[in-house]
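Open the model in your viewer and keep the selection panel at hand. The stops below say what to pick next and what is there.

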Amino acid sequence: MKSLFPAVSVLALVLAGPAIAATEHDSHHQAGSSASSVKAAPSSEGTVKKIDKAAGKITIKHGPLANLGMPPMTMAFVVGDPAMLEQVKAGEKVSFTADKVGDALTITTIEAAR
Ligand SMILES: [Cu+2]
């Protein structure tokens, strides 16, 4: 007895294109540019993997970045302020905020996680 298996293979590829989130580009430059006082984007957790002072980049193994629609991964971010390169070190757990500045994914705030 041979079983006849009808090869009905319906491949419905529904790509719900990721909605290009309307970038809120409010530039509320309020008085006081202290990095810790103003947090525009939600902060994310990550682990610093590498600090590249020459390039001004910090490589972070990060969790999901909701505001950027990014899954967890390890990647390099440009720092918004060179001082950030001194604030954290490799191997350290950090709480940071990343945002798209121009074309570059940029760390806008970063601090050691507790
Ligand atoms: Cu990423």
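**Tour of the fold**

Start with the whole chain in cartoon view. The protein has one helix and five strands. Trace the chain from the N terminus: the order is β-β-β-α-β-β. This is a predicted model, so colour it by pLDDT next. The mean pLDDT is 77. Of the residues, 65% reach 70 or more.

**Residues 8–39**

Select 8–39. Here pLDDT stays under 50. In the model, this stretch has nine contacts beyond four places in sequence.

Now select the strands: 44–52, 57–62, 73–79, 93–101 and 104–112. Which residues touch the most other members of the largest nonpolar core? Pick I58 and I107; the core has 14 residues. Strands 1, 2, 3, 4 and 5 each supply at least two residues of this core. Strand 4 gives the most, with three residues.

**Around I58**

Centre on I58. Which residues is I58 in contact with, leaving aside neighbours within four places in sequence? Show V48, I51, A76, F77, V79, M84, L85 and I107. I107, also in that list, is the residue named with I58 at the core stop.

**Zoom out**

Take contacts between residues at least 6 apart in sequence: 51% join residues at least 24 apart.

Technical notes
Residues are numbered from 1 along each chain as its sequence is written. This is a predicted model: local features need pLDDT of at least 70, side-chain atom pairs count only at pLDDT 80 or more; totals for chains, interfaces and linings use all residues. Helices (H or I, at least four residues) and strands (E, at least two) are DSSP runs, numbered from the N terminus. Two residues are in contact if their C-beta atoms, placed from the backbone, lie within 7 Å. A nonpolar core is a set of buried Ala, Val, Leu, Ile, Met, Phe, Trp, Tyr and Cys residues joined through C-beta atoms within 7 Å. A residue is buried if 20 or more other C-beta atoms lie within 10 Å of its own, exposed if 12 or fewer, and partly exposed in between; C-beta atoms are placed from the backbone. pLDDT is the predictor's confidence in each residue, from 0 to 100.
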